[in-house]
Amino acid sequence: MAIKELPPLRGRVLVIAYSAFGDIVQKMAGVKALKKCYPDLSVTWLSCSPYKQLVEVQPFVNDVLSWDRSLGNRGFLKLLNNIRKRHFDVVLDLKGTDRSLLMTLFSRAPVCIGWHARIPFFHNYFTYDPWSFLNIDVHREKGPHIFIPDELKETIRKQFKFDKAPLIVCVVGASKPEKCWPIGHWVRFLDMLAGYDANICIIGHGTKEERLSEQLCQETRNNKVCNATGQLSFLEMGAMIARASLVIGGDTGPSHFAEELGVPLIGLFGPTEPHEAGYKNIVALLAECTHVGCQNWRCSFPCMETITPQKVLNATLSLLA
């Protein structure tokens, strides 16, 4: 709750949403709506360097303040000094972390909107839900809420030689292994898809997901599968998803990306539930377990493996139809 009446928003606003990938793509609809409500605001988005390319092409973002976390404490102190020099009028803290609180304090902005779990008094407009606080209906307009340049979509099509058949994008990884669909189920599902006319592409990033994708491509008999894991920037990943007729994946950043881009998504859920994870308009397939949504990363009950390849295939064919 605000401790005083909020003045009209004007001038330069710093949006603090530096990570992670899924969080950033979920925040874009809100920032886009903010810019539409206050078109004269100059929006600077503070982002970790891997996401800079994606953020800076958004038409509702005027500038990007990039944070290179590989520089450690020295880089963080340099970032704080840069924030102070910018003389922002408004800070919108969408992270609620210790570091975002320091960023807010160093800005010395007269209007600081946001939250922190343990220290509520440094934001002079404290709120856990800044969009409701600002009377902004984030999803008033239908998606896509994220902009991807058309020329980049065409570049992706040419690079991977996609024909006119539907493109199915598969997301095999997630932040935790418990949220991943078993690799054997992926193999069986792709084998079942071999008889259908479709382009299939696996995406992801990081060494673990690269190993999973390589294993999947080695074990499947479907020769229409291409592996783009580890080959795409986050912006290029968006271009791949934007070209897709359908995305299939667990609770992870690229799945959020698909929903924000308005691409049909089949979400596979076990330890997390769709609504609590921020999904709204998707086809959600839940594990057949009484503990769905437990978020217990040491749970011994069968979970993601209870979502059968046949069930995913049925949902896939239904959406493609």
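Where does Tyr128 lie? Tyr128 sits in the loop between β6 and α5 (130–133). The model described here is predicted.

## Tyr128 on the outside

Is Tyr128 buried or exposed? Its relative accessibility is 56%, so Tyr128 counts as exposed. The cut-off for exposed is over 50%.

Leave out residues up to four places away in sequence, and Tyr128 touches Trp115 and His116. Ile183 lies elsewhere. Tyr128 and Ile183 are 55 residues apart in sequence, and their C-alpha atoms are 38 Å apart in space.

## His116 on the inside

His116 also belongs to a loop, the one between β5 (111–114) and β6 (125–126). His116 has 1% relative accessibility, so it counts as buried. The cut-off for buried is under 20%.

What does the side chain of His116 pair with? It makes a polar contact of 2.7 Å with the side chain of Asp98. A polar atom of the His116 side chain also lies 3.1 Å from the backbone nitrogen of Ile119. Set aside the neighbours within four places in sequence, and the contacts of His116 are Gly96, Thr97, Asp98, Leu101, His123, Phe126 and Tyr128.

## Helices α1 and α10Helix α1 covers residues 21–37, and helix α10 covers residues 253–260. Their axes come within 7 Å and cross at roughly 15 degrees. The cut-off for roughly parallel is under 35 degrees, so α1 and α10 are roughly parallel to each other. The crossing of α1 past α10 is left-handed.

Which residues meet here? From α1 come Phe21, Gly22, Val25, Gln26 and Ala29. From α10 come Gly253, Pro254, His256, Phe257 and Glu260. The residues of this contact divide into five nonpolar, four polar and one charged.

## His256 in the α10 helix

His256 is part of helix α10. With a relative accessible area of 6%, His256 is buried. Not counting residues up to four places away in sequence, His256 touches Gly22, Val25, Gln26, Asp251, Ala277 and Tyr279. Among these, Gly22, Val25 and Gln26 belong to the α1 side of the helix contact.

## Helices α6 and α9

How do α6 and α9 pack? Helix α6 (residues 150–160) and helix α9 (residues 234–243) meet at an angle of about 80 degrees. Their axes are 9 Å apart. Angles of 65 to 115 degrees count as roughly perpendicular, so α6 and α9 are roughly perpendicular to each other.

On the α6 side, the contact uses Leu152, Lys153, Glu154, Ile156, Arg157 and Phe160. On the α9 side, it uses Leu235, Glu236, Ala239, Met240, Ala242 and Arg243. These residues divide into seven nonpolar, no polar and five charged.

Seven of the ten residues of α9 are buried, so this helix is largely enclosed by the rest of the structure. The buried residues are Phe234, Leu235, Met237, Gly238, Ala239, Met240 and Ile241.

Ser233 lies in the loop between β9 (225–227) and α9. Its relative accessible area is 23%, so Ser233 is partly exposed.

Which residue does the side chain of Ser233 join in a polar contact? The partner is the side chain of Gln53, at 3.2 Å. Ser233 and Gln53 are 180 residues apart along the chain. Their C-alpha atoms are separated by 8.4 Å.

## Backbone exceptions

Most residues other than glycine have a negative phi, and most peptide bonds are trans. Some places in this model depart from that pattern. The peptide bond from Ser19 to Ala20 is cis, with omega near -15 degrees. Ala20 lies in the loop between β1 (12–16) and α1.

Arg108 has a positive phi, near 55 degrees. Arg108 is found in the loop between α4 (98–107) and β5. Its relative accessible area is 53%, so Arg108 is exposed. Lys161 also has a positive phi, near 55 degrees. Lys161 lies in the loop between α6 and β7 (167–171). At 70% relative accessibility, Lys161 counts as exposed.

Definitions and conventions. Residues numbered from 1 in each chain as written. Heavy atoms only, no water. Axes fitted to C-alpha atoms, helices over the stretch in contact; angles between N-to-C directions. Helix = DSSP H or I, 4+ residues; strand = E, 2+ residues; numbered from the N terminus. Parallel < 35°, antiparallel > 145°, perpendicular 65-115°, else oblique. Left-handed = near helix turned anticlockwise from the far one by under 90°. Contact = heavy atoms within 4.5 Å. Nonpolar A, V, L, I, M, F, W, Y, C, P; charged D, E, K, R; others polar. Buried < 20%, exposed > 50% of the residue type's maximum accessible area, 1.4 Å probe, protein only. Polar contact = N/O pair within 3.5 Å; in protein donor to acceptor, adjacent residues only side chain to side chain.
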